[in-house]
Amino acid sequence: MSNFILWLSEIHDESLAGNKFFFLSRLYQAKFPVPPAFCVTKEAFSYFLETTGLKRKIVEALARKENIKDVSYALQELIVETEIPLDLKKEIEEAYENINVDPAVQNTGSAFSFIKAGRDSSCVVVRASGNFESNVKNTLLNVKGSKNLIYSLKKVWALHYNPENIATGNLDSLALATLVQKMVNPAVSGSFHFENNDLMIKAVYGFLDSEINYKADVYTLDRDSLYIKDRSLHVQESKLIKDDMIGNIVLRQIATSGNKLSDNDLSFIAQIAKKLESDYSDKEVTFAIEGPRLYFLNVKDKKDAKPKEDGEIIPIIPDSFFDTVHLTLPEEVKQEIKPLSEAEMALIEAKFGEVHIKMPKNKRSLHIAQKLLDILSLQIED
């Protein structure tokens, strides 16, 4: 039996799932509220590279010592365009279909079939565990449908081959674990970690995002007594949410000020953090509040917790895909098209039911258009 797919309840060491997902699985196994998730393991990623011949092509490309950015783009494009082997693809799709069902009941015959028949496709988050540049979006939100899931997995796998990793030689291990987790739509998101004698809790409205993270409220609590020592509050002008009317992630303007977390919220989070102190004192734990429930989404080393530009990175899927105004582009696309003039930018627009991308007829413009289409393709259901 392969180790391509491991549910959070099945991860018992770091070798296949990596450090981050191992610690998240420990939270799940300890009955803390973690959304259902499965890991596409390092073994699965290595199998993908070996079976398709990509590993040989990657080694050959890296050996040629060409321009790093050109090599990075070529390798990423190659990975996204390569089909996942059918046996691995089947396991991923079956796990996705079952993400709402406890693994303990997935082999219980007709009862399980009945549960499966009554479910719609789930919206999930795809998150990779490898080394990524601060401006690389290694987390994809709101992925729905098996076709989009397979594409998203290849997308985050491809981003492992960014210029920074190639330059620093972080590709000696071709193993990369990826988490597929049921998405929650939070009113408030945040993180907590211990720092010296304090417990630090951060919170924003909506999803965490690098463009919003610096507007987070920061609460400092005494590590022992959990007394609130300080509140650093910030006005947050906009938030990322899922709009259920259009089924997409949008950036909405808000005018709410004041505490993003109440004293009761802080007390509850702090008490849980205290329970985790002995095992997670060197970790940062990400959480989300959806309705009355608190969920834990991610665990990472405290050293990975970085300032504004390096926060929890989530791609902004612009609201303008669904109206008649010009596109607000994700940061990675902005970097690609910086040389374009305002007049050229004005040629890019999206309208109800159709997309218009008008650009000069050259290879660079086609590359930019392809990036825009990549983003749009994730919003199309099977």
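Helices H1 and H9 cross in a right-handed sense in this structure, which is a predicted model. The two helices pack at an angle of about 135 degrees, and their axes lie 13 Å apart. H1 is therefore oblique to H9, and the contact between them is formed by Phe23, Arg26 and Leu27 on the H1 side and by Leu276, Asp279 and Tyr280 on the H9 side.

**Nonpolar cores**

- The largest nonpolar core comprises 39 residues, and those with the most contacts inside it are Leu27, Phe192, Leu199, Ile201, Leu261, Phe287 and Phe296.
- Among the elements that give two or more residues to this core are H1, helix H9 (263-280), strand E6 (188-195), strand E7 (198-205) and strand E13 (293-301), and H9 gives the most, with seven residues.
- Leu199 touches, among others, Phe192, Tyr219, Leu221, Leu226, Ala270 and Ala273, when residues up to four places away in sequence are not counted.

**Ser25 in helix H1**

- Ser25 lies in H1, the helix that spans residues 14-29.
- Ser25 counts as buried because its relative accessibility is 0%, which falls under the 20% limit for that class.
- The side chain of Ser25 reaches the backbone oxygen of Phe22 at 2.5 Å.
- Leaving aside residues up to four places away in sequence, Ser25 touches Leu8 and Ile11.

Key:
Residues are numbered from 1 along each chain as its sequence is written. This is a predicted model: local features need pLDDT of at least 70, side-chain atom pairs count only at pLDDT 80 or more; totals for chains, interfaces and linings use all residues. Side-chain values use heavy atoms; hydrogens and water are left out. Helices (H or I, at least four residues) and strands (E, at least two) are DSSP runs, numbered from the N terminus. Buried means under 20% relative accessible area, exposed over 50%, partly exposed in between (1.4 Å probe, protein chains only). A polar contact is a pair of N or O atoms within 3.5 Å; within protein, one must be able to donate a hydrogen and the other to accept it, and residues adjacent in sequence count only if both atoms are side-chain atoms. Contact means heavy atoms within 4.5 Å. A nonpolar core is a set of buried Ala, Val, Leu, Ile, Met, Phe, Trp, Tyr and Cys residues joined through side-chain atoms within 4.5 Å. Axes are lines fitted to C-alpha atoms, for helices over the stretch in contact, and angles run from 0 to 180 degrees between N-to-C directions. Angles under 35 degrees count as roughly parallel, over 145 as roughly antiparallel, 65 to 115 as roughly perpendicular and the rest as oblique. A crossing is left-handed if the near helix is turned anticlockwise from the far one by less than a right angle, and right-handed if clockwise.
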